Number of protein chains: 2
Amino acid sequence: MTSSVIKIDPALDLVLEREIDVPVDLVWKAWTTPAHLKEWFVPKPWTVTACEIDLRPGGRFSTTMRSPEGQEFPNEGCYLEVVPNERLVFTDTLLPGFRPAPEPFFTAVLELTRQGEGTRYKAIAIHGNQDTRKKHEEMGFHDGWSTVVDQMVEHIKAQRP
Amino acid sequence: MTSSVIKIDPALDLVLEREIDVPVDLVWKAWTTPAHLKEWFVPKPWTVTACEIDLRPGGRFSTTMRSPEGQEFPNEGCYLEVVPNERLVFTDTLLPGFRPAPEPFFTAVLELTRQGEGTRYKAIAIHGNQDTRKKHEEMGFHDGWSTVVDQMVEHIKAQRP
């Protein structure tokens, strides 16, 4: 269920909803463990070369993405809400320790709902204006976020004994 | 005690520390109840003409300040951490619902520690760069924040039977 504090504005925000056939606790683990996250977080053949997770409000969430040509793109932000197996909110608008960031872009909300043996997976990108929303859409939000969900499901299934 | 997630950077941040002779729970109430906050939050003869408080992470904290000449200055932001009688963190960098704000300026941390019948009061303004720190200092951070602590103490004492 969407937290009552989060108000989706269709003119500003982007939403991806999926039903996936892996359990909610493994999705949570895939999102909150660097060793797992690095395996699926960016569309291949891009890779994640570094990831740091300090899973508490104000704690660091950083990743470094590497293009197939070898160029690296660091991202840094912090967590805002951490409700295990339910909701994870983070932003690049604040650095660790809630410090205002030099290049704010968006806040991400991940909402997980148990659905039998599977998970209803909802990802929301919250923007401050229509320009950043448009930029995010043109960067390939829908395809990109959907592709990495597929990669995540595949990664989770590959871990099973 | 400063939360371990908050890292004060003397080059970027501004800090006010005071010992005041009013109890911690009344200071908390003064900060988190609109009717009380409006009485002391800006240096007189400025006034607060509106205040909204939704006391939870992502919840709205807004105030409208009015100059002696009658000009109004609205401020909007959201809470990030709410630990009753201990720590209150809010920012104008994110609007309610954690939406990136158009004019981010700083994150504020209020830390209260019970000290006998009184309170150790620590306010920290966290900035993203030296320019915003300097601007905040020139706006009169030290005098202003100190003046309103005096006003708050006076307001709290005036409530006593």
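Predicted model: local features only at pLDDT ≥ 70, side-chain atom pairs only at ≥ 80, totals over all residues.
**Ground rules.** I kept in mind that local features need pLDDT of at least 70, that side-chain atom pairs count only at pLDDT 80 or more, and that totals for chains, interfaces and linings use all residues. Residues are numbered from 1 along each chain as its sequence is written, chains are lettered from A in the order in which they are written, and side-chain values use heavy atoms, with hydrogens and water left out.

**Extent of the contact.** I looked up which residues take part, taking contact as heavy atoms within 4.5 Å, and found 27 residues from chain B and 27 residues from chain A. The buried area (accessible area, 1.4 Å probe, that two parts lose on being put together, summed over both) is about 2000 Å², with 62% of this given by carbon and sulfur atoms.

**Salt bridges.** I then searched for salt bridges (a side-chain nitrogen of Lys or Arg within 4 Å of a carboxyl oxygen of Asp or Glu), and the count between the chains is two. In one of them Asp13(B) pairs with Arg99(A), and their closest N and O atoms are 2.7 Å apart.

**Symmetry.** Finally I superposed the copies (least squares on the C-alpha atoms of residues with pLDDT of at least 70 in both): a rotation of 180° with 0.0 Å of shift along its axis brings chain B onto chain A, at RMSD 0.0 Å. The two copies are therefore related as by a two-fold rotation axis. The same surface serves both copies, as 100% of the contact residues of chain B recur in chain A.
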